[in-house]
Structure formats: structure tokens, C-alpha cells
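Please read it with the structure open beside you.

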Amino acid sequence: MSSAPRPVPFLKGHGTENDFVILPDHDGLLDLPPAAVSRLCDRRAGVGGDGLLRVVRSTVIPEGRALADTAEWFMDYRNADGSVAEMCGNGVRVFARYLLRAGLVKEGLVPVATRAGIRRVHLTADGDPTVEMGRARLPAGPDETVTVTVGDRVRPGRQVDMGNPHAVVFVDDLADAGPLTEPPAVAPAAAYPDGVNVEFVVDRGPAHVAMRVHERGSGETRSCGTGACAVMVATARRDGRTPAPGAPLRYTVDLPGGSLVITEGVEGEITMTGPAEIVAEGVLDPDWWDRSRSSR
């Protein structure tokens, strides 16, 4: 890759307080080593965020070329530690909000390419975006459950794949999750060779739950969109509920940063509705950016 253009513009956005640094890099010119991403996401030494959204044309990134006929724009998502991730549900809403704000798309149904495939965002100027999140994949039989350990307590967890991996644990109190400063221990390790997001869930009422989450590569975050989808599906199955013709399932999922509405249709398709906001924009100091990229 060629050197990053100078100066480097950025924006800051969030969805239910799951916050992101947004880097417009339409032609794929930025060099983004993990150390530079980590510095950008550092809340004391950088801009600060739970992750980074690079906005790039699908044609110029290897993972996006096969999707370019459907989606012009690829969401290159990185965790706060610089590692690459498949998807981010809150991130894709913020990503689409940026595209509309920048005049790169119009209101309506906006396809976004990700490493987990195409995600279509129903986007208006004023309302909360709704994302078509695809179908949840739930292993069956003995591979259905894993165990999650916090302190000296071992609990069963439900495996759910939303394009990225999740372990959903039901608890009596959200404090049972502990401080979440370190990743909870999940076994067997082979169930999640690339790491896992762990959600701790309590009931709030009919079709209404609350959760905390430890996101791989980021730690505890104020919200996780794919995690909320995984929680909704795991909760519905625990409740013995599946969608029926004309009667989709709809759950409200409360997170520390706000609430998301998750719906499962009769064919298993999941949609997520929630806020997405752009809160600031600026320019990275060129010398700081160069130092960050060189500290590999």
C-alpha cells in the first residue's frame, strides 16, 4: 500500500454508546497496522473508541471484491486492539449513517459489504436505522452449549453465530458477570478458535431482557449489536418460542448504552433497529499518525 494521505480525516460515531472511530479511505490507501488502530482507539492516547470503521470501496479490498456487484461500500471493521473482526451490528448502522451524511448513498435500502457478507440497512434521514442481520446459526446436539466461568462459578452458555461468535449466559443479576476486565473463561476452547463475545443476560419482562457483554479484542462495551441479536435468539429458544407465519418474534434488549429492538421472522431472518449518530469530525495530526503507524 502507498503511504497514507496527509492530513487524515476522521469522524466519531456511536450506536447505543458503542463508539467508533470512522476513517474515510474510499480508495484503500491507508496503511492500518494493528498498532495504529490500537492507538487511534485508545481513550487516553488517541481518539478513543470500541473499534474502528474504515470506509472503503468494495472493489479495492480483497475481502470485498466478490461483493462489489451488490454493495459499493465495504465496512472494514477492526477491534480496539487492532485485530480484524467479521461484523459489528452497531458499527454497520453507524457506517450507513456516515454514508448518508457524506452523500455517498441515498435514503432507502443500503447494502453494506462486510467480512460476514452483505448487510442491508433501511436508512432514513431522521429515524433509527434497521439492519437485516441475516440468520443466526445455532449448533445442535452436544455442541449446542459451552461453559463460561466467572470467579468460582461455572455456568452453561449457548453458542450463537451471527457472522461472528457468541456465548450467551443467563444469570440472576448482571453483577454476576463480574468486572469483565478480562475475557471470561469459555470451554471447550476449540468451540471458539478465534475468540468469542460473551453476553450475560437477565430477564426484565415478557420479551424483554437486559445484558452486559465482553467483546473479544475490546473488553466490556456499552453495547453490542450482534450480541443483542444472539441474546434475542438464545432467549426465544429458552422460552420455547419460534416465529410463525404472520407472527414474527420481537424482543427488546436493554444494554448499558441504550435499547435495541430485535425481530426474528418466520424464515429465521433477524433485523435490528436502534440509533446511530455521528458526533464529531476532525483531522489527525500528521506527525502523530506517522508515529502511530511506525510503532508496529
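Predicted model: local features only at pLDDT ≥ 70, side-chain atom pairs only at ≥ 80, totals over all residues.

Residues are numbered from 1 along each chain as its sequence is written, and side-chain values use heavy atoms, with hydrogens and water left out.

**Overall form**
- The C-alpha trace spans about 55 × 45 × 30 Å along its principal axes.
- Of the 296 residues, 52% are buried (under 20% relative accessible area, with exposed meaning over 50% and partly exposed in between; 1.4 Å probe, protein chains only).

**Salt bridges**
- The structure holds 21 salt bridges, each being a side-chain nitrogen of Lys or Arg within 4 Å of a carboxyl oxygen of Asp or Glu.
- E281 and R101 meet in one of these at 3.1 Å, N to O; because E281 lies in strand 18 and R101 in helix 2, the pair ties together parts that are 180 residues apart in sequence.
- E281 is exposed, at 54% relative accessible area, whereas R101 is partly exposed, at 47%.
- E264 and R237 form a salt bridge at 2.6 Å, N to O, and this pair joins strand 16 to helix 3.
- E264 is buried, at 4%, while R237 is partly exposed, at 26%.
- D25, R54, E63, D76, R78 and R115 are linked in a network of salt bridges.

Methods: Helix = DSSP H or I, 4+ residues; strand = E, 2+ residues; numbered from the N terminus.
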